[in-house]
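Subject: Handover of a structure and notes on its helix packing

Dear colleague,

Please find below the structure that I am handing over to you. My notes on it follow directly after.

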Amino acid sequence: MVEECYSIVDLMLLTSEKVAETARGLDQEQAAGLIDHLLAARRVYVVGAGRSGLVARAFAMRLCHLGVEAYVVGETITPALGEGDTLVAFSGSGETTSVVDFCETAQELNGRICLITATPDSQLGRMADCVVDLGASAPPIRTSSGQYEIRQLTGEYRSVSPSFAPFGTLYETAALIFSDAVLSALMELKHCSLEDVKGRLANIQ
């Protein structure tokens with residue numbers, strides 16, 4: 001006999017409710033600060049580890065569609081970061097070692113750092129010029145290891161509970177929806193039409 005559990009529909013609705021809580025608790029000044037940094041940036045770089053890195057990549061792709069010069073840290077075609085550039089870091093814990101290293105380098109190169117996190121009181125939170133806190137709907141992600149891979153393997157990385165939205169899922173889902181909302185706002189502020197965006201979509205895949 002299969003053990004009874006929540007239905008997929010119930011779990012989807014619970015996730016959407018938690019994300020809605022995050023949206024209602026969002027500090028609009030923090031969000032506005034991120035948009036100001038993006039508009040003022042010469043170039044935008046994004047970074048994240050694991051699934052947060054996938055959210056970062058999706059954000060960079062959409063920035064390019066809006067005509068922003070955006071790059072993913074670590075790619076072979078990513079140019080040197082310098083003064084006037086902004087690095088947007090996605091990290092639920094704010095302690096991921098690889099992301100901290102990248103941000104320290106960006107700081108040394110006089111770049112600006114924007115952090116999207118669930119744990120503003122963290123190493124990255126203290127380093128960033130702009131912090132957006134997406135941890136309103138769940139306890140902050142506290143872990144003993146800064147190594148993303150170690151946290152995944154040992155089960156240290158949790159949001160809410162082991163049975164609901166494990167491994168930081170809630171933060172990552174909220175970060176994806178938040179970043180899409182930021183892109184919609186930028187589209188209006190930059191007066192981008194759908195035709196402008198369509199003209200920048202990949203056409204050789």
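Axes in these notes are lines fitted to C-alpha atoms, for helices over the stretch in contact, and angles run from 0 to 180 degrees between N-to-C directions. Helices (H or I, at least four residues) and strands (E, at least two) are DSSP runs, numbered from the N terminus.

This is a predicted model, in which local features need pLDDT of at least 70, side-chain atom pairs count only at pLDDT 80 or more, and totals for chains, interfaces and linings use all residues. Residues are numbered from 1 along each chain as its sequence is written, and side-chain values use heavy atoms, with hydrogens and water left out.

Overall composition

The protein has eight helices and five strands. Read from the N terminus, its elements follow the order α-α-β-α-β-β-α-β-α-β-α-α-α. Of the 205 residues in the protein, 43% are buried (buried means under 20% relative accessible area, exposed over 50%, partly exposed in between, with a 1.4 Å probe and protein chains only). Among contacts (heavy atoms within 4.5 Å) with a separation of 6 or more, 69% are between residues 24 or more positions apart.

Two packed helices are described by the angle between their axes and the distance between the axes.

Helix α1 (residues 8-25) packs against α7 at an angle of about 60°, and their axes are 10 Å apart. On the α1 side the contact is made by T15, K18, V19 and T22, and on the α7 side by L170, T173, A174 and I177. By class, these residues are four nonpolar, three polar and one charged (Ala, Val, Leu, Ile, Met, Phe, Trp, Tyr, Cys and Pro count as nonpolar, Asp, Glu, Lys and Arg as charged, and the others, Gly among them, as polar).

T15, in helix α1, has a relative accessible area of 22% and is therefore partly exposed.

Helix α2 (residues 28-40) and α7 have axes that come within 11 Å and cross at roughly 55°. The two helices are therefore oblique to each other (angles under 35 degrees count as roughly parallel, over 145 as roughly antiparallel, 65 to 115 as roughly perpendicular and the rest as oblique). The crossing of α2 past α7 is right-handed. A31, L34, I35, L38 and L39 of α2 meet F178, V182, A185, L186 and L189 of α7. This contact consists of ten nonpolar residues, with no polar and no charged ones.

Helix α3 (residues 50-65) packs with α7 (residues 169-189) at about 10°, the axes being 10 Å apart. The angle makes α3 roughly parallel to α7. In α3, the residues R51, S52, V55, A58, F59, R62 and L63 meet T169, Y171, E172, A175, L176, S179, V182, L183 and L186 in α7. Ten nonpolar, three polar and three charged residues take part.

E172, in helix α7, has a relative accessibility of 2% and so counts as buried. Its side chain is joined to that of R51 by a polar contact of 2.6 Å (a polar contact is a pair of N or O atoms within 3.5 Å; within protein, one must be able to donate a hydrogen and the other to accept it, and residues adjacent in sequence count only if both atoms are side-chain atoms).

Loop residues

N110 is in the loop between α4 (97-108) and β4 (112-117). N110 has a positive phi of about 65° without being a glycine, and at 49% relative accessibility it counts as partly exposed.

H191, in the loop between α7 and α8 (194-198), is likewise not a glycine and has a positive phi of about 55°. With a relative accessible area of 69%, H191 is exposed.

S122 is in the loop between β4 and α5 (123-127). With a relative accessible area of 0%, S122 is buried. Apart from neighbours within four places in sequence, S122 is in contact with S93, G94, E95 and L115.

With kind regards

How values were computed:
Left-handed = near helix turned anticlockwise from the far one by under 90°.
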